[in-house]
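This briefing is meant for a reader who is meeting the structure for the first time.

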Amino acid sequence: MSPTGLPARLLVWAAGLAPLGLLAWDFATDGLGAEPVEEITHRTGQWALRLLLLSLSVTPLRRMLGWHGLIPHRRTLGLLAFLYALLHLATFLVFDLDLSFGELLSEVAKRPYITVGFATFVMLSLLAATSTRGWMRRLGRRWTTLHRLVYAAAVGAVVHFAWSVKADLREPLVYAAVVALLLGLRLLPRRPRPGQSGANYATLPRSTKTGSGAAPATVTE
Ligand code: HEM
């Protein structure tokens with residue numbers, strides 16, 4: 001199976017949606033335990049964070065191991081992370097705040113861990129909305145700069161998690177270590193793609209760079 005072909009893409013979508021399917025099943029069969037809303041918040045938050053970290057690990061894996069076939073899946077994983085974050089926020093809004101956006105704004109202003117969660121959600125929304133080829137072309141080099149926000153979103157998600165935890169910080173600390181590792185790996189020297197001379201867009205002389213209308217070669221780095 002080709003790593004970039006349709007079956008591989010469908011497999012990634014199916015695997016990413018499986019926890020949601022399980023959640024729906026447990027919801028329909030009263031399998032969410034004594035605190036179903038807490039359980040939904042817990043599972044959607046956890047999967048949003050996991051998928052975000054998985055999407056962040058694509059670039060280091062490609063650079064270190066040369067797994068170029070993973071690249072198209074980075075966007076899928078990012079969109080799935082956004083989907084779980086949206087469900088996570090919707091759970092809070094519907095079950096905890098009776099769908100009151102005014103209450104949500106006052107929660108954002110009042111509780112620091114909600115403030116950080118909200119900021120993270122805004123970043124994920126921006127990343128999801130601009131993840132299309134059209135936006136890549138429109139933004140050119142600025143697209144790459146904008147999409148570095150994904151690192152801030154990962155830090156935000158871990159801080160939000162750690163802040164929401166009352167006592168046991170072990171789990172958020174494990175996620176914090178993974179984010180630190182992924183950020184650290186970004187600093188390693190790049191491995192050229194097959195057929196690439198080693199020069200990347202940032203190092204090309206100005207005269208050879210593409211105009212603002214065209215997506216640069218490294219825009220998907
Ligand atoms: C406006 C946006 C958000 C709101 C209102 C929100 C709200 C909440 C609430 C109420 C909790 C439960 C805290 C508790 O147990 O007392 C929680 C936990 C959590 N949230 Fe969020 N959140 C938001 C955004 C996000 C985002 C964007 C992510 C990840 C990308 C995220 C990941 C998590 C995680 C991992 C937990 C801990 C889950 C657990 O293990 O129980 N949240 N959030």
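The points below are grouped by topic.

The model is predicted. The protein has nine helices and zero strands, and 37% of its 221 residues are buried.

**Overall fold**

- Along the sequence, the elements follow the pattern α-α-α-α-α-α-α-α-α.
- Of the contacts between residues at least 6 apart in sequence, 64% join residues at least 24 apart.

**The largest nonpolar core**

- In soluble globular proteins, nonpolar side chains tend to be buried together.
- The largest nonpolar core of this protein holds 36 residues, and the members that touch the most other members are L49, L52, L53, L56, L104 and L124.
- Two or more residues of this core come from each of α2 (36-65), α3 (71-96), α4 (101-110), α5 (112-129), α8 (149-164) and α9 (170-186).
- Helix α3 makes the greatest contribution to this core, giving 10 residues.
- When residues up to four places away in sequence are not counted, L49 touches A157, V158, F161 and Y175.

**Packing of α8 and α9**

- Two packed helices are described by the angle between their axes and by the distance between the axes.
- The axes of α8 and α9 lie 9 Å apart, and the two helices pack at an angle of about 165°.
- Because an angle over 145 degrees counts as roughly antiparallel, α8 and α9 are described as roughly antiparallel to each other.
- The crossing of these two helices, α8 and α9, is left-handed.
- On the α8 side, the residues that meet α9 are Y151, A154, V155, V158, F161 and A162.
- On the α9 side, the residues that meet α8 are E171, P172, Y175, A176, V179, L182, L183 and R186.
- Sorted by class, the contact of α8 with α9 comprises 12 nonpolar residues, no polar residues and two charged residues.
- Three of the residues in this contact, V158 and F161 in α8 and Y175 in α9, are also among those touched by L49.

**Packing of α4 and α5**

- The axes of α4 and α5 come within 5 Å of each other and cross at roughly 110°.
- Since angles of 65 to 115 degrees count as roughly perpendicular, α4 and α5 are placed in that class.
- By class, five nonpolar, one polar and two charged residues make up the contact of α4 with α5.

**Exposed residues and backbone details**

- E38 lies in helix α2, and its relative accessibility of 55% means that E38 counts as exposed.
- E38 and D96 are 58 residues apart along the chain, yet their C-alpha atoms are separated by 9.8 Å.
- D30 is found in the loop between α1 (6-28) and α2.
- The phi of D30 is positive, at about 55°, although D30 is not a glycine.
- With a relative accessible area of 73%, D30 is exposed.
- L99 lies in the loop between α3 and α4.
- L99 is a residue other than glycine, and its phi has a positive value near 65°.
- L99 counts as exposed because its relative accessibility is 52%, the cut-off for exposed being over 50%.

Definitions and conventions
Residues numbered from 1 in each chain as written. Predicted model: local features only at pLDDT ≥ 70, side-chain atom pairs only at ≥ 80, totals over all residues. Heavy atoms only, no water. Core = buried A, V, L, I, M, F, W, Y, C linked by side-chain atoms within 4.5 Å. Buried < 20%, exposed > 50% of the residue type's maximum accessible area, 1.4 Å probe, protein only. Helix = DSSP H or I, 4+ residues; strand = E, 2+ residues; numbered from the N terminus. Contact = heavy atoms within 4.5 Å. Axes fitted to C-alpha atoms, helices over the stretch in contact; angles between N-to-C directions. Parallel < 35°, antiparallel > 145°, perpendicular 65-115°, else oblique. Left-handed = near helix turned anticlockwise from the far one by under 90°. Nonpolar A, V, L, I, M, F, W, Y, C, P; charged D, E, K, R; others polar.
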